[in-house]
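Have a look at the structure first.

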Amino acid sequence: MSNRTADGLHSFLDHKFTHVIVGGGTAGLVVAARLSEDPNITVGILEAGPAAFDDPIINVPGRFGESLGTEYDWQFETTKQPGLNGNSLAFNRGKVLGGSSALNFMTWNRGCAEDYDAWEELGAEGWGWEGLFPYFKKSENFHDPGPDHKAKHESHFNLEYHGVGGPLETSYSVTYGSSHQHWHKTMHKLGIETNCSHFSGSNVGCWTALTGVTEKKRERCYSATAYYQPSCKRKNLALLTNAMVRDIVLEKQGDDWIAKGVRFIHDEEEHVVHTQGEVILCAGSVQSPQLLELSGVGNPQVLKAGGIDMKVDNPNVGENLQEHMMTAMIFEIDPTIVTPEDLRNDPLLAEAADKEYVLTQSGPRTAIPSSVAYLPFSHFISRPKLQSFSDSILNHSNSQSLPSDRIRIDRLTSEKNLGQIEFNFDISNYSPYFKSRPGKKYATMLMMLQYPFSKGSIHIPAMKSAKPVTSDDKPIIDPQYYQGPGGEIDFELMVLCQSFAHKICQTPPLADIIVSRVFPPTTPPSSSPDDPDPNTTADEEDFAPWVRDTTITDWHPVGTCAMGGSRASDGFVVDSRLKVYGVKGLRVCDASVMPMQISAHLQATVYAIGEKGADLIREDWQKRKER
């Protein structure tokens, strides 16, 4: 594997690019690798962060989370959220070659088939389940864990639905947290079956998570190692890291705006790289809309406030932000269980774990969250209650309601088995609101809402002086958690789901390792923490204040450059070939084009978007050259 990580500035600018990619992240490096397979295409990648191939906080699976808040993170924050009692949340995104695929927790899964079919229903032709399925397989190199692993860890799969030979290695963990051995048996007692083929278009049920980890070395497998490194020696592929993009250079030719290049800062100097073909924005759900606005494409009022001259009027840019809201319920567990916090607090334990990892590619440094369940609301919320939620939202609907709103409403009462809520249990304290106490061990029940009604926005800020804003000015991220039409329904659903999260953890054999719930404490409002009422059950508890105070993000933002329709006035930013409405030679290819949220962690879908997007771009380039 080549040690080449990037080109120098002058070498980069000397190329005559047919395609310039903004953002060397999850999707961007997929597009770059696939396009550069064609020797007649020359690809340039601009990445704001560094390459970090040798950093253990990225490469070692069991050190997931350590890179958050570091130099590899843009360290964005949301605005203060009225729906969260004024809390502002960290909104971590990858500022490193590989983007957020270098920072995520490596879960590899797909949504339900209906999730993608909904995109097609909104006008994203060819992006339904059948259209995306070949690209899910194309990106993947699945490793069979073998019959012994399958029997011991419930690592079920159907090979028909996995790819073999693709760039991105997927594998089951070799080491699991102490709680995982109890996960499936516990869920079975609650009427939840193990899904033995959760990649086949339905993720409903409980299962053992597949991960983006290499089989032999047990290292994170992400876009920089899986796609960029194997292709980096190609003469028609160039990468410039630490390059801060300012905007897309748009030129007016007749009645058309055409993308001609990209303006960027490198070593504190401004440069422009030109393209003979297209610019492809792969900057993610936060910065793709930001860069469109900085280039003059967006809502005229937003652009004017930021001091940006309007070129293309499209008020949909930066709107439609959808995110998985999450709560983290904390339990004290058996003090003999070793947790990741022990390794962070005890240098000797960490040293022993590191040695085991290096020598055997096993042990706690390979353990990542794997106890997962996706459930329909109807498993624990009555259908009359769900119907009342649906009726409530319909009563507030008007002529401005979008087709996507109807799809969300229909899902509430649908007879289809959809994964509307995710439960994920792991040993460690995941809550930013609960401080671990010395001598105590903890586990977390994470619960994530999959199809939120809450929709927010990401926009450039207004000018603070007479100087127009630039990409140095962080975008205004306003997810509007629990706000807007349906936002209160999101909140009520999250509150109702807490009782079932607690019930899971009260059910043996998982309950056998749990001492007590500590956050929220099992104390009714009328009692003091020192004198709780032992007769209060989770069904009687009021979780509403706790949910309002402690909801966090699951870092799965989508939708800010939504794909669909046939024109911008339909409510979208790009068409089904990822072309930006109103601009020639400019596309967006990343999670921002997803018009609706999916019931899954995002990375497998973003890789598929990159794969399909590359095919579309290459097809159109070949047609152009044949003219």
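## A strand that's covered up

Five of the five residues of strand E17 (residues 371–375) are buried, so E17 is largely enclosed by the rest of the structure. Buried here means under 20% relative accessible area, exposed means over 50%, and partly exposed is what falls in between (1.4 Å probe, protein chains only). Strands (E, at least two residues) and helices (H or I, at least four) are DSSP runs, numbered from the N terminus. Both faces of E17 are covered, with Ser-371, Ala-373 and Leu-375 buried on one side and Val-372 and Tyr-374 buried on the other.

Before going on, a word on where this comes from: it's a predicted model, in which local features need pLDDT of at least 70 and side-chain atom pairs count only at pLDDT 80 or more, while totals for chains, interfaces and linings use all residues. Residues are numbered from 1 along each chain as its sequence is written, and side-chain values use heavy atoms, leaving out hydrogens and water.

## Who pairs with whom

Which strands does E17 pair with? Strand E8 (residues 205–208) is joined to E17 by four bridges, and the two run antiparallel; Gly-205 sits opposite Tyr-374. Strand E18 (residues 421–427) also runs antiparallel to E17, with five bridges between them, and there Phe-423 is the bridge partner of Ala-373. For two strands to count as a pair, DSSP has to find at least two bridges between them.

Strand E10 (residues 237–240) is covered on both faces too: Leu-237 and Leu-239 are buried on one side, Ala-238 and Leu-240 on the other. Its link to strand E2 (residues 43–46) is made of four bridges, and these strands run parallel. In that pairing, Leu-46 stands opposite Leu-240.

## H8 and its neighbours

Now for helix H8 (residues 223–231). H8 is mostly covered, with eight of its nine residues buried: Ser-223, Ala-224, Thr-225, Ala-226, Tyr-227, Tyr-228, Gln-229 and Ser-231. Those buried residues pack against H2, E2, helix H5 (129–139), strand E7 (168–170), E10 and helix H17 (603–626). Contact means heavy atoms within 4.5 Å.

Two packed helices are described by the angle between their axes and the distance between the axes. The axes are lines fitted to C-alpha atoms, for helices over the stretch in contact, and angles run from 0 to 180 degrees between N-to-C directions. Helix H2 (residues 26–35) and H8 have axes that come within 9 Å and cross at roughly 25°. That makes H2 roughly parallel to H8, given that angles under 35 degrees count as roughly parallel, over 145 as roughly antiparallel, 65 to 115 as roughly perpendicular and the rest as oblique. On the H2 side, the contact is made by Thr-26, Leu-29, Val-30, Ala-33 and Arg-34, and on the H8 side by Ser-223, Ala-224, Tyr-227, Tyr-228 and Ser-231.

## H5 across H17

How do the axes of H5 and H17 cross? They come within 8 Å and cross at roughly 105°, which means H5 is roughly perpendicular to H17. Gly-131, Leu-132, Tyr-135, Phe-136, Lys-138 and Ser-139 of H5 meet Ala-604, Thr-605, Tyr-607, Ala-608, Glu-611, Lys-612 and Asp-615 of H17.

Pro-509 lies in the loop between helix H15 (487–505) and strand E22 (514–519). Another cis peptide bond joins Phe-519 and Pro-520, with omega about -5°, and Pro-520 is in the loop between E22 and H16.

Asn-85 isn't a glycine, yet its phi is positive, at about 55°. Asn-85 lies in the loop between strand E3 (76–77) and strand E4 (90–91). Although Asn-85 and Pro-545 are 460 residues apart in sequence, they are 9.4 Å apart in space, C-alpha to C-alpha. Pro-545 belongs to helix H16 (residues 544–550) and counts as partly exposed at 45% relative accessibility. Leu-578 has a positive phi as well, near 70°. Is Leu-578 buried or exposed? At 0% relative accessibility, Leu-578 counts as buried, and its place is in the loop between strand E23 (552–553) and strand E24 (583–584).
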